[in-house]
Amino acid sequence: HHPHCSPPITPTELAQEVKAFLSGVDPAHGTKLSAQDHARCALLLLRSLPPARHAVLQHLRGLFDDQVCAHLLTRDTSGTTGTTGTTTAALEEVVQEVRHVLADFIRANPKAWAPVVSAWSIELMGQLSSKYAGRPGVPHANSLNELLQLWMGCPATRVLMDIYTQCLSAMIGGCPDACVDALLDTSVQHSPHFDWVVAHIGSSFPNTIISRVLSCGLKDFCAHGSAGDPLGTDKRVPKIASVVGILGHLASRHSGSIKQELLRMFHESLGPGRDQHQKAAVPFLLQLALMSPALLGTVSAELVDSLKPPVLNQLHQHFSSLPREELDNTMSIVVHLICQTSAGAHRILHFLVNTAMPASVITAPGPPLQDGVREACDRIIQLLLLHLQKLVHNRAGAGAGAAEAPVPRPVPFLDALRPHVRDLCLETLRLERKRFLWQHQLLALLAVYAAPHGATDALFHLLTLARTPDELALATQLHAVLSSCLTDLLPATVTTCVCQIHAGRLPDPQVAQLFRNLAAVVQADTGDGAPAMGPVLGPVLARHLPDLSQLLLHRDADVAEAACLLLSVLPLPRAPAPAPLLGAVRAATHQFFLVLRSQNTTSLGCSSRLLARLSSVSPAAAKAVLQQLVEGALRRGNAELFGASPDQPPQWDECGAGGAGVSLLDTNRRFTTAVNFTGGVWSVFHAGVIGRGPQVPQGRGEHPPEELTNNTQTFLRLLLLCARGARPGDTTTTIHPEAAKAIAAALVENVCPEAAGAELSWPPEEQARGTVERDLRICRRFQEHPLLLPLLRLVALGRPALCYCSVLLRGLLASLMAHWEGCRDAGTGASPWHLQASCALVAAMAEASLVPPVLGNMHELFPFLAPFEVHLLLLSLWEYLRDNGPFPQRFSFQPERGLFLRDFSRDGDVGKHLAVLHSVLHKNIHRLGLLAGRFYP
Amino acid sequence: MSDIRHSLLRRDALSAAKEVLYHLDIYFSSQLQSAPLPLVDKGPSELLEEFLFQVPKERGAPPKRLNSLQELQLLEIMCNYFQEQTKDSVRQIIFSSLFSPQGNKADDSRMALLGKLVSMAVAVCRVPVLECAAFWLQRTPAVYCVRLARALVDDYCNLVPGSIQTLKQIFSASPRFCCQFITSVTALYDLSSDDLIPPSDLLELIVSWIFEDPRLILITFLNTPIAANLPIGFLELTPLTGLIRWCVKAPLAYKRKKKASLSNGHPPSKIAKDSTSGEDRDCHQLYSKLHLSVLQVLMMLQGHLTEKNLYGRLGLVPFDHVVPLVEEINRLSDELNPLNASKEIELALDRLAQALQVAMASGALLCTRDDLRTVCSRLPHNNLLQLVISGPVQQPTHGALPPGFYPHIHTPPLGYPAHAAHPALPAHPALPAHPVQTFIPGMTFPYRPIR
């Protein structure tokens, strides 16, 4: 049955064939024609009876339908079984014949055949795919690939596809619009089931299909859209919908071509010599984008880049001729599209803001932008913000109102801006003209939209990046906006801050800035009625005490100081857990000494204030603070600040390792603050890094005497401050007994650890010789640390705390006595330290009421006496103390004065202890007569 | 009629169409019996339009459409009807009531159906239908005839490869139809643009027909009672003018087409170039052949005109059609660069000159040489044409020169067929000796046709 080898048919035979074709009956035998014979008959007519071609094509529809049906049946029964198999094969053979015939025709005269045959084949494919859509074994319309596999495996549809492809490729050089139009029409009609055809053809002829589909769509859009008839709009939607559907299929693989084509369409539409179609291109493209997020996504990013001043001016010119209503409509479409854009959202924002309100009044080189463009962009931004607000707040409202609405509507624009929160914050903080108001508003919307993380991030960035009070105000304003609709905002923000810091994501200067900003916010005055951030922020921050306090020991002093500033303004919690508190105390103390060393007055103030506040938290805290302070002050390194001689051989754990100024103690201190070791047996210590070279002795710090005095005064003032801390209302200079006791204990522990548990009572003077070595060591400690004596004096103020220093007093007294006993100088002035120490010791004991005032005044005589006389006097003091042991129970609390006082009248007669004193007075009466009055009770 | 309509309304589209045909047959048969020339009233034609051409009578009523299979069935039925209707007059009247254009919106489907019917009749060789169609072509305005021609050409020359053979066969079945078909085809393809150059298959078909029997061209003319003045807007009696146009314009039109395809930025691939140039060469030969046949027919014409007593009264090649032809040649040769197309222009003008000369000589073209001179004055120079328009030396005082006298200053031009100068005299022995121009008062024929 090939056209070239069949003999020419006579008219009579042809008439017979027509009859057979129409009736379906074999004229010779009168039997019914089989499907394939009938089809062959049809093909014969197709080749020799031109006017019958439409009838033949219509008949062949049935043939293809039968073939599909048979194919599906065979496929279901899995294999060629019996008659169905043979019919399938026979049908397939005829289908192939049809293909050959049509292929020959198309090859011979594509212009005449391609439009007819392509329309026929595409329509038939549409019908078949719709018809068999629901059948078992036919995959759902969603699974495009399976569908494609099924239909391309079916001979009938495969042949149809081949035929269409041939038509299209035959017409591609000329004018494929007829073929593409058929495709669009069918796609409108059989949309979901027909998608496989579109997908296949589209991927076979991507460029043609893309450009033609677009141009056909545009033509259709113009035809129905520009007339403005009410019926037209109904019609327009489906055709453009199928354009969208087709491009949507292609978008996954050919987005580049699509993008190029769309942009080309856009730019061509702006040219000067444009026709009616091109004028409609912009509305058309907007409509397309409106209907397909995928297309919008492919174009939007690049489109913005191409919107240069000339293009914008052209656009403006184009739109300025439109009526107001249409303009508003376009504007709202644009705003809607921007909301739906995700790719390049940040760039779009940039573009809009820059165009509407350039950062600088100096215009860029190139053609100037018309004012209308600026106004339009300004309006777009305002509408955009309004629209976003509506979206964000409706969304939030719906979420709160209806619990069953689990998926809130996403706003791609905001989603895409999420990663750019920091950039947005930076831009806002520039406070440029009107822009920052928009940016701030957008930031707030973004924060609400992306809550909770978005909100906390935004606030965090603002707090971190702000440098001036004006900039910081943006953060508080943002909080004011957000706090009305978001709960738990500040805790989350603070947690974010802490996490960011500890993850090391912030450079040191920013950490410092953040702390200063936080401190500023906490301290800020609640000005007008706005919900203030400070009062809320303080307690929240205080919850992170351990995290923050650990930063007091930050290697960057600036950070440490800022942390100190922040902590010093925080309201500390009422009853914090001991461990973190202790950590904080330890860190704060250390920081204090560091600051003291650096002689920075303001930071010193902060540091002191912090310690004072810490100590006011609880008695235990105060105790810890005092203990740490004392311990720190006596430690090597710090001790030099108070005049201790640095030329002691360095102990192993306190020496600096290498020139980097790294101290193992420092390292371990930081370590333990962070990890919170309990300090048990299992503690692990950092032992330094091996291989940093030999240890270099610490350079001797040269401190001028004024500085030493100043330091000592500062330290003592701080101690007093802390010691008073438990009773913050008290303004007297008195020191709390408990605090004093803590200092006393700390002193004992640091000066002579092995004597910490020693008895308070005094042994006979002879027995003191048993502890002579210890006493000497105590004395040497006092000698090394000039700070110790003022400390004793301080303890003495808090009666009866000095009792607990009994062992130190004893040791020091014994050593001094031994010195004076052995001293062969004429006057006490020859050993100035011992003189000073003796005086201070006695004065302290007197102050502490360990000895009665008569005895306590004796130190006034010391400078005028001979050493042995001093020895005698001290010995009498010893005797007194031996008789009247320095026990706290000898003191009684005087509520009216708020003090512990000792009533010496209850003790034994002091007279016998005064004998030596009096005799010394007598002996030197010529010199000491003036003072005698002080020694007679 | 209205009760018939009601019964038809209940039927499906195909059987309603069949019924209409049936009723029409009865109606006209009875009418013809009562009166020899029945008046076609509006009733049947309305029925036809509603049920055969599916033009809805009431507004908004959904038309019953025949699908293409049903349409094919209808065509078959119609073919068979015309075949089986023995009475020629009934056939004719039914055909014309079916397909005479009425100037309403049914005309489009009417013409579409006619095209299919004739096309089918060609394929299955239904002579009565073809005869009816030939008759229809004669009495229908040319615009409709051209549409039918286009439908047939599309079917047999463009769409189905090889089917031109089927069309070729009807030469023997219905020469009358062939003749009308040629006339309508030459009216359609006037070579005024590249699209209106006849397809080569068609050209070959027509040339083969005419070459086989040149008298084919004259069949309509010979078999039709001639009214003295032909109505305007209808096909001409013979395709002579159209064929002359083809032969004369062809060299220039093909040249223009070639030039256009080159300048359009389609540098032809080697194979395409070879095939098209080969095809063009074939075409040129065909046109040559055709030109010869046309000249031969023109030569024959004198006898037939004389026979019908129309010599000098009926211009089968009207001067009114020669004028635009000359203008077109003028325009075309201006359009083509004379330097590049000198050969083509020469050929076209040669053919024009020959055709004019022979047509004038045979009495088919009725005009004076002065008229010709005016018309041809702006054409590029051509020796032969110069000779033709200057004509023999005028000796108006000696009005009765023997026919065939030529002043001896002329030598016959090269390439002019030797026998064309000496027409087949024996074929027309009964020509009147007296000049014919005396029949048309006020017209003088300075040139006397040869006997």
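Student: Which residues of helix 31 of chain A are called buried?
Tutor: In this predicted model, the buried residues of helix 31 are Ala621(A), Ala622(A), Ala624(A), Val625(A), Leu626(A), Gln628(A), Leu629(A), Val630(A), Gly632(A), Ala633(A) and Leu634(A). The word applies because buried means under 20% relative accessible area.

Student: What do the buried residues of helix 31 of chain A pack against?
Tutor: They pack against helix 29 (578-598), helix 30 (601-617), helix 33 (705-724), helix 34 (737-751) and helix 36 (788-797) of chain A.

Student: Why is the pair Arg53(A) and Asp155(B) called a salt bridge?
Tutor: The side chains meet at 2.8 Å, N to O. The cut-off is 4 Å between a side-chain nitrogen of Lys or Arg and a carboxyl oxygen of Asp or Glu, so the pair qualifies. The rule finds one salt bridge across the interface of chain B and chain A.

Student: What makes up the side of chain B that touches chain A, by class?
Tutor: That side has 10 nonpolar, seven polar and four charged residues.

Student: How many residues does each chain give to the contact?
Tutor: Chain B gives 21 residues and chain A gives 24. The area buried between them is about 2000 Å², with 70% from carbon and sulfur atoms. In chain B, Leu69(B), Leu72(B) and Leu159(B) lose the most area to chain A, together 28% of what that side buries.

Notes
Residues are numbered from 1 along each chain as its sequence is written. Chains are lettered from A and ligands numbered from 1 in the order in which they are written. This is a predicted model: local features need pLDDT of at least 70, side-chain atom pairs count only at pLDDT 80 or more; totals for chains, interfaces and linings use all residues. Side-chain values use heavy atoms; hydrogens and water are left out. Buried means under 20% relative accessible area, exposed over 50%, partly exposed in between (1.4 Å probe, protein chains only). Helices (H or I, at least four residues) and strands (E, at least two) are DSSP runs, numbered from the N terminus. Contact means heavy atoms within 4.5 Å. Buried area is the accessible area (1.4 Å probe) that two parts lose on being put together, summed over both. Ala, Val, Leu, Ile, Met, Phe, Trp, Tyr, Cys and Pro count as nonpolar, Asp, Glu, Lys and Arg as charged, and the others, Gly among them, as polar.
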